[in-house]
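Subject: Structure handover

Hello,

The structure we spoke about is below. My notes on it follow.

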Amino acid sequence: MDWFEALVLGIVQGLTEYLPVSSSGHLAIGQALFGLNSGEENLAFTVLLHVATVLSTIVILWREIVWLFTDLFKWKWNEGTKYIVNILISMIPVGIVGFFFKDKVEAVFGSGLLVVGICLMVTAALLAFSYWAKPRQREDISPLHAFVIGIAQALAVLPGLSRSGSTIATGLLLGNKKEKLAQFSFLMVIPPILGEALLDVKDMAETGISASLGGISPLAALVGFLAAFIVGCLACKWMIGIVRRGKLIWFALYCAVVGLATILIPLF
């Protein structure tokens, strides 16, 4: 992988981590277009890009994060501690899937472009349904809703099934307010992504860091990291505004087109 390929993949990761179009699916498509191995050989680079987007979330939502920790260390039940409890509840499904079933799911469904295309079509359907459905809106995200949204996040282990798209669409279908949902959706992914990155680092330590790097130069790694971080900051801020305005239908159309193309093009 050269620096230009790393730049493109970093931009793709930073943009699609927050937009409801599946970062894993688009990375798989991008790696296929460049003729790169999307498996263990590029594990370190993939981890690097995910860490970059987590950092961009922290930068954009730093005020909310400071508020949460300030309320937490007041050592009493308040809005911040309720919010943190909801985040912890949302982590339960993804924790179960990540620790016990991720390898089995990947073994059954694989990570080929056919799976990516089908899951992108599912993402499109979910986004479209959440756009047209008009449930009664709730003032706050309840613990039960946090758990259901967490289930949606856990299902997004499949490449092409958007993590942000699944969580935001599920929250909208449950009747949660747009203004609060995007923020919750982005904050709730920070612990799972960091946890997944730590597990991947453990795997890299077992197989050897040099093997996990897959021949990626330090320059390419740095370019990819910076691209994912900078674009991630822009995309995170942009996506919060998009959810508030309720313009998810355009992403549904995009996912449907890209998903259909991903399924059909290899057949010709």
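This is a predicted model: local features need pLDDT of at least 70, side-chain atom pairs count only at pLDDT 80 or more; totals for chains, interfaces and linings use all residues.

Residues are numbered from 1 along each chain as its sequence is written, and side-chain values use heavy atoms, without hydrogens or water.

The surface patch consists of Ile 92, Ile 96, Phe 99, Phe 100, Phe 147, Ile 151, Leu 155 and Leu 199, with about 760 Å² of accessible area together (Shrake-Rupley method, 1.4 Å probe, only the protein chains shown counting as cover). Patch members have over 30% relative accessible area and no salt bridge, and their nonpolar side chains (Val, Leu, Ile, Met, Phe, Trp, Tyr) are joined within 5 Å; like charges would be joined within 9 Å. A salt bridge means a Lys or Arg side-chain nitrogen within 4 Å of a carboxyl oxygen of Asp or Glu. H5 gives the largest share, 4 residues. Ile 96 sits in H5 and is partly exposed, at 39% relative accessible area (buried is under 20%, exposed over 50%, partly exposed in between; 1.4 Å probe, protein chains only).

Ser 162 lies in the loop between H7 and helix H8 (163–173). Ser 162 is buried, at 1% relative accessibility.

Regards

Methods:
Helices (H or I, at least four residues) and strands (E, at least two) are DSSP runs, numbered from the N terminus.
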